[in-house]
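Subject: Structure for you to look at

Dear colleague,

Here is the structure I promised to hand over. My notes on it follow below.

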Amino acid sequence: MHKKAPRLAAIHPPKMPLSSFRLLQMVVDNPIKAWPQAIYRQHLYRSSVLGHDTIYVMAPDLIRTVLLDEADNFKKGEIVRRALGPALGDAILTADGSRWRWQRRSVAAIFRQERVRGFLPAMIAAAERTRNRWHSLPSGTEIDVAQEMMRTTFDIILNTVVPGRGNIETELMKHSVTHYLEPTSWIVALAMIGAPSWVPYPGIYRARRGRKQLHCMLESLIGQAKQSPADRNDLLSLLLNATDPETGQSMTAMDVRDNLLTFITAGHETTALALTWTLYLLSLHPEVERRVKREIAAATGGGPVRPTHIDALGYTHQVIQEAMRLYPPAALILREARRDVTLGTEHVRAGTSVYVPVYAVHRHETLWREPDRFDPSRFEPAAAQARDRYSYLPFGAGPRICIGQNFALLEAAAVLATLLSSFQLRIRPSHNPEPRLRVTLRPAGGMPMRIGIESGPSSGQEILVKT
Ligand code: HEM
């Protein structure tokens, strides 16, 4: 008999269009809940809130037009700049045009596949620190896996992009990043109604303090690096030595600071969330979890995880991909039409917000069979190849595709392999981690899980595994 699939945390979109007031309320609370049901069925959807036009693009060929073929007609735009500009400046993630191009070229070297592989020992070492921390906890302890994964990936990003650089106050930096990003939904809602950027919003002072602290920490790091310019090949050195091939200009200390901050923020929270949602799904699908564990054990021979083992984790990789389909950490890709353009049969006026709602594309009725079901076999090589490239976009596409994609995938596999060879995690049964969009897709209320192992199929008893 077929076992009933577990009910997974998901968004239930409004069936009817919402009033402008209700819509704005929802945008602040959880913008993804304000997305209309139609975008899970239609190819293109227009909306207008208080005179601000938005077009949602779900058809893969039209997504390709926006992100690749006519990428020059669709810039990052006002909302992105307002939400992220104050902290990230005009750096690689937020800049447009020639300013973006030379920054992207300058840092591309560090994210080449062969170089990123060199980071694997640091990734495994950070995962082992998390494993050791968990080993010291009393049996059956409940932990917030979302927090734990943030801590682990933060450890990794600092030990890879700025290794051995001064004494960074990790906890303070992590809190500052969180405080800075917290009020983003307010900023987006205010931008949507055309409010001027000086209008205050809840959390503004904490966000400013967070930004100031981050800037101070990074500026002191840059100052130290400039004083002792050793010939190093880390991201900080690359940024300090980068020159614009068109103008010969090098980066100012502010450019370096903003790019460093971009890598630290863009690089750790997203991967932490991919891991958090993967562990959530595994806890609800023990048969998939068993297969992943078997694969890890076969690759490692039961010993510690080593960089050479990662390539043998094909099924684990499929599981991570399927987790990022159901819960894409970057659930919305935002653009703005730079000029009047035609998209399919639609005329799009300059200034219109263009949304690629990745969460909805990944659950679109016409693109996926049983879209809400967790099924890693969708990412078997043949099945993945047969699909339209633009129906699966966890890392975006086109020239602005995530520069850290290879980094993130290796990191996720290394962390999972290290932790799953020692532990089994189970979600608190009463907890429903609703996906909540806060720049990234976080579980509302965190991800409370118990560390342990089921001692038998019928006992339901849990004990802490110590291997
Ligand atoms: C699972 C983890 C990750 C996900 C889901 C993710 C997702 C994305 C997406 C969707 C974009 C494109 C945004 C757009 O087109 O508007 C992007 C851009 C970017 N990502 Fe990632 N990312 C991840 C990990 C990382 C890591 C580990 C790093 C760096 C260490 C990183 C650095 C960046 C940067 C710098 C950009 C801007 C690229 C540009 O505009 O040229 N990301 N990411």
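**Strand pairing and the hairpin**

Strand 1 (44-49) and strand 2 (residues 52-57) run antiparallel and are joined by 6 bridges. Two strands are taken to pair if DSSP finds at least two bridges between them, and helices (H or I, at least four residues) and strands (E, at least two) are DSSP runs numbered from the N terminus. Val49 has His52 in strand 2 as its bridge partner. The two strands make a hairpin with 2 residues between them, and Leu50 in the turn has a positive phi of about 45°.

**Basis of the notes**

This is a predicted model, in which local features need pLDDT of at least 70 and side-chain atom pairs count only at pLDDT 80 or more, while totals for chains, interfaces and linings use all residues. Residues are numbered from 1 along each chain as its sequence is written, and side-chain values use heavy atoms, with hydrogens and water left out.

**Ligand site**

The ligand is surrounded by 26 residues, and the closest are Trp100, Arg104, Arg335, Arg400 and Cys402. A residue counts here if one of its heavy atoms lies within 4 Å of the molecule. By class, this shell has 17 nonpolar, 5 polar and 4 charged residues. In that scheme Ala, Val, Leu, Ile, Met, Phe, Trp, Tyr, Cys and Pro are nonpolar, Asp, Glu, Lys and Arg are charged, and the others, Gly among them, are polar.

Which elements supply the shell around the ligand? Helix 4, helix 12 (253-284), strand 5 (333-337) and helix 17 each supply at least two residues. Helix 12 gives the largest share, 5 residues.

The iron atom of the ligand has a single donor from the protein, the SG atom of Cys402, 2.3 Å away. Donors are N, O and S atoms within 2.8 Å of the metal (3.2 Å for Na, K and Ca); water is not among the atoms, so sites may look incomplete. Cys402 sits in the loop between helix 16 and helix 17.

**Salt bridges**

The model has 24 salt bridges, counted where a side-chain nitrogen of Lys or Arg is within 4 Å of a carboxyl oxygen of Asp or Glu. Arg400 lies in the loop between helix 16 (381-386) and helix 17 (405-420) and Asp96 in the loop between helix 3 (77-88) and helix 4 (97-108), so the pair ties together parts that are 304 residues apart in sequence. Arg400 is buried, at 18% relative accessible area; buried means under 20%, exposed over 50%, and partly exposed in between (1.4 Å probe, protein chains only).

A second salt bridge is between Arg133 and Glu148, at 2.7 Å, N to O. Arg133 belongs to helix 6 (residues 120-135) and Glu148 to helix 7 (residues 145-161), so the bridge connects parts 15 residues apart in sequence. Arg133 is partly exposed at 23% relative accessibility, whereas Glu148 is buried at 13%. Elsewhere, salt bridges with shared partners join Arg81, Asp96 and Arg400 into one network.

Glu434 pairs with Lys33, and the closest N and O atoms of this salt bridge are 3.4 Å apart. It links distant parts of the chain, 401 residues apart: Glu434 is in the loop between strand 9 (424-427) and strand 10 (435-438), and Lys33 in the loop between helix 1 (20-29) and strand 1. Glu434 is partly exposed at 23%, and Lys33 is partly exposed at 24%.

**Positive phi in loops**

Most residues other than glycine have a negative phi. Glu370, in the loop between helix 15 and helix 16, has a positive phi near 40° and is partly exposed at 44% relative accessibility. Val439, in the loop between strand 10 and strand 11 (440-443), has a positive phi of about 70° and is partly exposed at 37%.

Regards
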